[in-house]
Amino acid sequence: MAYTISTLFAIYFVLWWIVLFLTLPFGVRSQHEDGAGAPGTDPGAPIMARMGRKLIWTTIISAAVYAVSMWAYYQGYLNIERLSKLMGMPF
């Protein structure tokens, strides 16, 4: 089955969002942990989210995962017959 460019982009887009939500909690310090914060704000609010760095790391990680998964798919490791056999389901 040949994928079109839009399908490949959609798969990467979904993978990118999943990786983004996985990387969001790393490196975030709350106002309560740091001991400094503006009065009247939630103590759990982050001091510096560093979103630019997280977006860059998200892009790098998702590109690596995407490249490995596409390589595995085109080599035949990720096809429906093989995956259903691994899960013990008849195809």
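Trainee: Leaving aside its neighbours within four places in sequence, which residues is Ser30 in contact with?
Mentor: Contact requires heavy atoms within 4.5 Å. With neighbours within four places in sequence set aside, the partners of Ser30 are Pro43, Gly44, Ala45, Pro46 and Ile47.

Trainee: What kind of model is this, and which pLDDT do local features need?
Mentor: Residues are numbered from 1 along each chain as its sequence is written, and side-chain values use heavy atoms, without hydrogens and water. The model is predicted; totals for chains, interfaces and linings use all residues, side-chain atom pairs count only at pLDDT 80 or more, and local features need pLDDT of at least 70.

Trainee: Where is Ser30 placed, and is Ser30 buried or exposed?
Mentor: Ser30 sits in the loop between H1 and helix H2 (31-34). Buried means under 20% relative accessible area, exposed over 50%, and partly exposed in between (1.4 Å probe, protein chains only). At a relative accessible area of 14%, Ser30 is buried.

Trainee: What share of the 91 residues counts as buried?
Mentor: The accessible surface of the chain is about 7100 Å², and carbon and sulfur atoms hold 72% of that surface (Shrake-Rupley method, 1.4 Å probe; for residues, only the protein chains shown count as cover). Of the 91 residues, the share that counts as buried is 18%.

Trainee: Among contacts between residues at least 6 apart in sequence, what share joins residues at least 24 apart?
Mentor: One separation in that range is that of Ile60 and Leu15, which are 45 residues apart in sequence and 12 Å apart in space, C-alpha to C-alpha. Among contacts between residues at least 6 apart, the share joining residues at least 24 apart is 54%.

Trainee: How many aromatic pairs does a search of the whole structure find?
Mentor: Rings of Phe, Tyr and Trp (its six-membered ring) pair if their centres lie within 6.5 Å; planes under 30 degrees apart count as stacked, over 60 as edge-to-face and the rest as tilted. Ring pairs join Phe9, Phe13, Trp16, Trp17 and Phe21 into a cluster. Over the whole structure, the number of aromatic pairs is 7.

Trainee: Why is the pair of Tyr12 and Tyr66 classed as it is?
Mentor: A pair of aromatic rings is described by the distance of the centres and the angle of the planes. The ring centres of Tyr12 and Tyr66 are 5.5 Å apart and the planes stand at 80 degrees, so the pair is edge-to-face.

Trainee: Which helices does that pair link?
Mentor: Tyr12 and Tyr66 are 54 residues apart, and the pair links distant parts of the chain. Tyr66 is buried, with a relative accessible area of 15%. The two helices are H1 (residues 5-23), with Tyr12, and H3 (residues 51-75), with Tyr66.

Trainee: How far apart are the centres of the positive and negative side chains?
Mentor: Lys and Arg count as positive and Asp and Glu as negative, while His and the chain ends are not counted. The place of a charge is NZ of Lys, CZ of Arg, CG of Asp or CD of Glu. With 6 positive and 4 negative side chains, the centres of the two sets are separated by 11 Å.

Methods:
Helices (H or I, at least four residues) and strands (E, at least two) are DSSP runs, numbered from the N terminus.
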